[in-house]
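Me: I would like to learn how to read a model like this one, feature by feature. Please show me the structure, and then we can start with a single residue.

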Amino acid sequence: MARRRTVAVVGGGAAGVLATRELLRCSDDRVIVIEPGEPGGGLAYGSARPWHLLNSRAGAMSADAADPGHFARWAGCRPEEFRSRVEYGSYLRSVFASAAADHGDRLEVVRDRATRLGPRGIYTEKSGEVRADEVVVATGNPAAAQPAGRPDHPDYIADPWQPSVLDAIPSDVPVLLIGAGLTAVDVALTLTVDGNRDAPITAVSRRGQLPLTHAAEARPPATLDLDRPHTLRDLVRHVRTEAERAGDWRTVVDGLRPNLDRLWRNLTTKEQEAFLRHLARPWECHRHRMAPSVGSRIAALREEGRLEVRAGGVRSMIAPPAGGLLVELEAGVQWFGAVVNCAGPGRLPGAAGSFARSLLDDGHARVGPHGLGLDIDARGRLVGAGGRVRDDLWLIGPLRRGARWETTAVPEIRSQALALIDRRK
Ligand SMILES: Cc1cc2nc3c(=O)[nH]c(=O)nc-3n(C[C@H](O)[C@H](O)[C@H](O)COP(=O)(O)OP(=O)(O)OC[C@H]3O[C@@H](n4cnc5c(N)ncnc54)[C@H](O)[C@@H]3O)c2cc1C
């Protein structure tokens, strides 16, 4: 009889949980999850507060692609609803718990941080070597990008997801958010949740564009003819025409989604660079949308003058002796009692987390296209230094960005997890 193989899943966030579920459900493998916290936490769902809603409807968030209603049934809601991310974290933990209940004899959780890939498995900080035949890397996003000249100062918050950092900001000091994406929206909601804040919040980003809002009513994605090879210019023209025809651009954005990886890979490197420079941010605003109730709340904050969104960059920040930070913006120098970095993920290798960094240092991985993630082959195996690909080292989740485009949200991660089952074919 063949020896049962052991797969180590490094990271127990959404991707780690979904991978573990599929590996246990669809194979005979033993699975060891290496994760310092409780599996089912992670950045998006582990650090959220009750007022942070999913930016997708419940019907899109099932752990099981074959059963799209699974999350909505678990939450006791309609598939069209936007539920909280805290609740989704509980759902992921329940998905993990039921996989453990069904296949506990083949599952082990090592509550530790992986440090390096070794010849026989994974080295960890405290538990020594965890032996494994194969490794699935699921360590999440690169660290957030930091503005040039970021100060080392208590009133500069480099990571708004650290526990309680936002609670410590007094309600009577103006706050600057660097970035105007979904993280800035989350931070603005947290800072204003109790209604006591009387000082304004300013969000700055290159374009001064907030995410757009989902329609109140769900509509099915448009069917698009995307079979012809497209240049970036053709594609943009085609999408604009279709959006005008459809009446609601959201249906076209949603219709593009299943095709995005193919479209991204068909672009030349120059076109991908042009997309990243000019179109990525507007695309993100259309693609990653706020729930309608969040959109209304943000609109109200802007109307009341409590949230201002400006285009432009941060030129410099200095710390005056009296506290807070003097920030040079396009419009001049302004004092803020706190500055919160709400930028998206930074570029690799600088923004690599410690495990991804060790894979790069040891030549098991190389930086992927445009520094957005790690390089992978068509099957999701990490590509190492010199183009070497090993059969036992897989990557899922946001670190696939660059080699793929659409790889951060649950539906895509769910398919990547399911595809792991076919990896030995
Ligand atoms: C704020 C936010 C909101 C989002 N909202 C939605 C949404 O509404 N709908 C949607 O579809 N998608 C959403 N996403 C996108 C997506 O669901 C997340 O990016 C997803 O959580 C990625 O899962 P992950 O497991 O790859 O990363 P994470 O959830 O961040 O998990 C990574 C895990 O790896 C562990 N880890 C890191 N390094 C090590 C190491 N060295 N050793 C062991 N463990 C390690 C960490 O402890 C962590 O638990 C959101 C993302 C963010 C950031």
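Me: Is Ser-164 buried or exposed?

Reply: Start with the count of neighbours. A residue is buried if 20 or more other C-beta atoms lie within 10 Å of its own, exposed if 12 or fewer, and partly exposed in between, with C-beta atoms placed from the backbone. Ser-164 has 6 other C-beta atoms within 10 Å, so Ser-164 is exposed. This is a predicted model, in which local features need pLDDT of at least 70, side-chain atom pairs count only at pLDDT 80 or more, and totals for chains, interfaces and linings use all residues. Residues are numbered from 1 along each chain as its sequence is written.

Me: Where is Ser-164 placed, and what is its phi?

Reply: Helices (H or I, at least four residues) and strands (E, at least two) are DSSP runs, numbered from the N terminus. Ser-164 is in the loop between β8 (156-157) and β9 (175-178). Its phi is positive, about 65 degrees, although Ser-164 is not a glycine.

Me: Which loop holds His-370?

Reply: His-370 sits in the loop between α11 (354-361) and β16 (381-383). His-370 also has a positive phi of about 65 degrees and is not a glycine. With 17 other C-beta atoms within 10 Å, His-370 is partly exposed.

Me: Which peptide bond is cis?

Reply: Check omega. The bond joining Leu-348 and Pro-349 is cis, with omega at about 5 degrees. Pro-349 belongs to the loop between β15 and α11.

Me: What does Ala-343 touch?

Reply: Two residues are in contact if their C-beta atoms, placed from the backbone, lie within 7 Å. Set aside neighbours within four places in sequence, and Ala-343 is in contact with Ala-144, Ala-145, Ile-178 and Gly-179. Ala-343 lies in the loop between β15 (338-341) and α11. It counts as partly exposed, with 18 C-beta neighbours inside 10 Å. Now compare chain and space: Ala-343 and Ala-180 are 163 residues apart along the chain, and their C-alpha atoms are separated by 7.9 Å.

Me: How many helices and strands does the protein have?

Reply: There are twelve helices and 17 strands. The C-alpha trace spans about 70 × 55 × 50 Å along its principal axes. Buried residues make up 38% of the 425. Among contacts with a separation of 6 or more, 68% join residues 24 or more positions apart.

Me: How is the protein divided into domains?

Reply: Domain bounds come from an automatic or database domain assignment. The parts are domain 1 (6-143 + 346-422), domain 2 (156-174 + 183-203 + 302-341) and domain 3 (232-287). The centres of domain 1 and domain 3, over C-alpha atoms, are 27 Å apart. Their contact takes five residues from domain 1 and six residues from domain 3.

Me: Which residues of the shell are closest to the ligand?

Reply: A residue is near a molecule if its C-beta atom, placed from the backbone, lies within 6 Å of it. Here 32 residues surround the ligand, the closest being Gly-11, Gly-13, Gly-42, Gly-140 and Gly-397. At least two shell residues come from each of α1, α2 (42-46) and α11.
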